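This briefing goes with the sequence and structure shown here. It is arranged by topic.

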Amino acid sequence: MVKSIASLLKLTNQREKLSAKYMPNENDLKNTIKKLYKTPELSKKPFLPESLSNWLLPFDFSKKKP
Amino acid sequence: MIFESRTRVKRFEEEKYKELAYRYYDILNKIVGQPSTGIEIEQLEKPMLSIAKDSHGVIYYCRFLVDVTEHPSEEIILLLDARDKRDHRLENELRNGIKGKGKFSWLSKVNSEIITENAQLDDLSRQSGRAYFAYILADEYLWRLIEGVKKPMRKAIGQSEGVDIVNPALSVEEILILNKTKYASDRVVLPLFDNGRAGSGKSTMLYHLFAEYVMRRLKSKLPGRLLFLTYTKRLLEESKKTVENLLKVGTEFIGESLNDNELIGILNEAFWVFPEFLMHLIPQEERFRKFPAEKFITNFGDFSRAYDKITPKTAKLYSPDMAWHVIRTYIKGYNPTNELTPDDYRELPKKERNVPIEMYNWVWENVWPRYKENYWDTQDIVRYLIVKDAVPPEYSVIFCDEAQDFTRVELHFLWRLLIYREYDLRKQGKNLRIPLVFAGDPFQTINPTGFRWEALESGFYTEISEALDPEGLGLVEFRHEDLSFNYRSTAPIVRFGNLLQMWRKWFFKVSDQILQKPLA
């Protein structure tokens, strides 16, 4: 009987250790969820001006040029 | 586009054809330009197989029109072979080829003058040993370089004596990647990581693409600067000259004029050797005070000489290359603001750690303190500029050749140069074509940095995405292209190289090898 209580305690101990290692921390989880629901902040940066956005366009393949 | 069959490429390796190359150049120019003047053209087998001849030579060729999605509608002239006079035996072989027989049987797979499927284009690519843009024909010197004819008829436009111009020909595989990069807009195209082993000609592809951006700047006067970084002075000169020549012959070909002074101005401003580029960003007094020339470690060669002075003889447990690797990749090269301590190193993801912790500790204790005290290298300038927030976000186009020599911190610095980080990009749509292009070959590193494309991509992805796309809206995605064909070596050599790579993979437990495909 004594032996089985000891082994049960050992098992519980191991379980706790494993939980501590692999279960996510409650606070971490809360923070992660909070982040997911957070409304994105409005960017303080200006929008890309048209002159610069032209760099992002594909090249025109109707003309043969280098 | 001009494609050359492998038979044609071999033909011009013969002395007889090399010496008379200019005659074939004239015929070819007429095939592309004005067929009616001075040559006879005959259709050997309808609809695509033709011959063009004058009194000096004959060229056997096919014309195709490409009509494939994501590929520009353009004409391909495939040069099959050349002879000094008509060769009836060859003509029979070509006719049989179209029927699927003999050594030209591959012609039957591309059995129409209009190429509508990628598979047909691939077949054509496999049979072609070389490709180049038709505008190259505007300059005989460049064309002769492509053909491997040693003695040029005349100097290239503006060519300096003793400057070795890089061959501007591309592999067909590269042309396909290049076209996709230039024209595609509905998928991930840029930023691009271009990975190719020696002989794949990846740098040449960079020159063609960069020339496009220079042209855009010249024509549209868009704001922002262009930057092309290399690691050596020789590469810098070659790259600049090749881009200049490509632009000049290209505009000559379409009958446009180019403002020479403006072009030279843009190129001089754009091309830099990396350490010099870094130095020019630092005010002169700071340069003298913080980075004295006599303490500069340029490369691994310098470091290995300094290593004897800074490491006690009795303590030398590891070779200088390992110490250099640890200092460059991790201690200074991993984090832009802090040195990576042994404790930090232990915390890195397993795949990011490629030296044992004992070695790390040893370098940290025995080499690093005296190296830090007595010397500096490019990473110190990079870290200095990042910490001082002195990286100018002024560049709209950034190209880096030999990217295998950049560390994580240096790459962090590069994206901070992008002008786009100053703006909110959310209105621009997804998969933005940010003109950021890297070419490299991990097997040609001049610094033993333990470079891996995966590490570069993951580091870059996190940092650029956080900076340009903090909400993860898919604004910036990266494209990775491996150049897999080896156009330079014969099949047995390619297979032998692959065998060594397999051994390397097995022996060092690495996964970054790229097995090359021989053409045959």
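The model is predicted. In chain B, helix H14 spans residues 320-331 and packs against helix H16, residues 357-366.

**Chain A**
- Chain A holds 3 helices and 0 strands.
- Read from the N terminus, its elements follow the order α-α-α.
- The chain has 66 residues, of which 12% count as buried.

**Helix H14 of chain B: burial**
- H14(B) is largely enclosed by the rest of the structure, because 9 of its 12 residues are buried.
- The buried residues are B:Ala323, B:Trp324, B:His325, B:Val326, B:Ile327, B:Arg328, B:Thr329, B:Tyr330 and B:Ile331.
- The cover over these buried residues includes helices H13 (300-310), H15 (342-347), H16, H17 (368-374), H18 (378-387) and H19 of chain B.

**Helix H14 of chain B: packing on H16**
- On the H14(B) side, the contact is made by B:Met322, B:Ala323, B:Val326, B:Ile327, B:Tyr330 and B:Ile331.
- On the H16(B) side, B:Met359, B:Tyr360, B:Val363 and B:Trp364 take part.
- Sorted by class, this contact has 10 nonpolar residues, with no polar and no charged ones.

**B:Arg421**
- B:Arg421 sits in the loop that runs between helix H19 (408-416) and strand E12 (436-440) of chain B.
- B:Arg421 is buried but has no salt bridge.
- The nearest side chain of opposite charge belongs to B:Glu422, 4.3 Å away, and a salt bridge requires a distance within 4 Å.

**B:Phe271**
- B:Phe271 belongs to strand E10 of chain B, residues 271-273.
- Its relative accessibility is 5%, so B:Phe271 counts as buried; the cut-off for buried is under 20%.
- B:Phe271 and B:Thr230 are 41 residues apart along the chain, with 7.9 Å between their C-alpha atoms.

How values were computed: Residues are numbered from 1 along each chain as its sequence is written. Chains are lettered from A and ligands numbered from 1 in the order in which they are written. This is a predicted model: local features need pLDDT of at least 70, side-chain atom pairs count only at pLDDT 80 or more; totals for chains, interfaces and linings use all residues. Side-chain values use heavy atoms; hydrogens and water are left out. Axes are lines fitted to C-alpha atoms, for helices over the stretch in contact, and angles run from 0 to 180 degrees between N-to-C directions. Helices (H or I, at least four residues) and strands (E, at least two) are DSSP runs, numbered from the N terminus. Contact means heavy atoms within 4.5 Å. Ala, Val, Leu, Ile, Met, Phe, Trp, Tyr, Cys and Pro count as nonpolar, Asp, Glu, Lys and Arg as charged, and the others, Gly among them, as polar. Buried means under 20% relative accessible area, exposed over 50%, partly exposed in between (1.4 Å probe, protein chains only). Lys and Arg count as positive and Asp and Glu as negative; His and the chain ends are not counted.
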